[in-house]
Amino acid sequence: MDIVLHAFEGVFTVSLMVLAGYYLGSHHWFSEESLNLISKLITKICLPLYMIVNLTETLTHDTVIQMSSGLPVAVSSMIICFIIGQLAVRFAKIPKGRRGVLAAVFFVTNTILIGLPLSTELFGTKCIPFVLVYYMANTVVFWVVAAHIIAVDGTENVPPLFSVQTLKHIVNPPLAGFAIGFTLVMLELHLPHPLLVSFKYMGNMTTPLAMLFIGAVVSNADWSKIHFDRQILLALFGRFVVCPLGIILMAPVIGIPPLMTQVFTIQAAMPAPSVLPVLAKNYGADYEYAATLTVVTTVLAVVVMPFYMWVAS
């Protein structure tokens, strides 16, 4: 019961920031350019610095070894969910242009922009190493597998499964922040105090900016065009049932710490990646459908968090 109450408290805290973003967005405080700026500020500056600071303050050699046991759980659950997603798309006879997008929703999530701030609110900074393990697996699987199946479905600019283009997407600023922090930990090096403090100030902007961004995006959505038809419901089933269930089933088989299981479950229940509509548009797939899934899953993710906190416990 205490875990559920704690989850509600964390979700309520996050929801207040999201509601603030929604209010400001509905009153036209944010333009398309300013939302792009906030997104870039989070992913290219605040988040990498946030990772460097928290990794150096929370990780040791022992926790690094403990973290490594989580990769097989994350990767194997994503592979299982990928297979289920492909079967679901085939048997449901989803039209071309939506197949890759819908299948991707079954196994990749918004781990960093939404998942990390929300998990930190729920579990505290001790969860960050586990979030980053899931993030590594999610990033590689997204750009190697999800991007490829969306491109094949859209039939435009299909990249090779393993290419320099794919590698450039995988090696991004958040992952670079993780690599720098991880290296500092392994070499037992510490940032100079002025640098540490400035990094911490900028990194601490990650959560409030991310929540304001989500609220503003939701306020801009045209809900009159969103219909909960069979294709939307199937995507929601994959995002909030199949993907978290994959973690819940795989964790006891491989054997990982309880907190890692909880964090992975929450990460698996995060919304669809915010870059999904951009990717769909770039490859000629149905980007409006991808945008609808992103908005709907973002709203519902906050609602289902207390349930999955209880399940994971």
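Thr298 has its place in helix α15, which spans residues 287-312; helices here are DSSP runs of H or I with at least four residues, numbered from the N terminus. The model is a predicted one, in which local features need pLDDT of at least 70 and side-chain atom pairs count only at pLDDT 80 or more, while totals for chains, interfaces and linings use all residues. Residues are numbered from 1 along each chain as its sequence is written, and side-chain values use heavy atoms, with hydrogens and water left out.

**Surroundings of Thr298**
- Thr298 is buried, with a relative accessible area of 10%, where buried means under 20%, exposed means over 50% and partly exposed lies in between, for a 1.4 Å probe and protein chains only.
- Leaving aside residues up to four places away in sequence, Thr298 touches Ile114, Ile214, Val218 and Pro271, a contact being heavy atoms within 4.5 Å.

**Packing of α7 and α9**
- Helix α7 (residues 128-154) packs with helix α9 (residues 173-186) at an angle of about 130°, and their axes are 11 Å apart; axes are lines fitted to C-alpha atoms, for helices over the stretch in contact, and angles run from 0 to 180 degrees between N-to-C directions.
- The two helices, α7 and α9, are therefore oblique to each other, because angles under 35 degrees count as roughly parallel, over 145 as roughly antiparallel, 65 to 115 as roughly perpendicular and the rest as oblique.
- On the α7 side Leu132, Tyr135 and Met136 meet Pro174, Leu175 and Phe178 of α9.
- The residues of this contact of α7 with α9 divide into six nonpolar, no polar and no charged.

**Aromatic pairs**
- Two aromatic pairs are counted, under the rule that rings of Phe, Tyr and Trp (its six-membered ring) pair if their centres lie within 6.5 Å, with planes under 30 degrees apart counted as stacked, over 60 as edge-to-face and the rest as tilted.
- The rings of Phe82 and Phe107 have centres 5.3 Å apart and planes at 80°, so this pair is edge-to-face.
- Phe82 lies in helix α4 and Phe107 in the loop between α5 and α6 (111-123), so the pair ties together parts that are 25 residues apart in sequence.
- Phe82 is partly exposed at 23% relative accessible area, whereas Phe107, at 0%, counts as buried.

**Positive phi values**
- Most residues other than glycine have a negative phi.
- Lys93, which is not a glycine, has a positive phi of about 55°; Lys93 lies in the loop between α4 (71-91) and α5 (99-105) and is exposed, with a relative accessible area of 71%.

Methods
Ala, Val, Leu, Ile, Met, Phe, Trp, Tyr, Cys and Pro count as nonpolar, Asp, Glu, Lys and Arg as charged, and the others, Gly among them, as polar.
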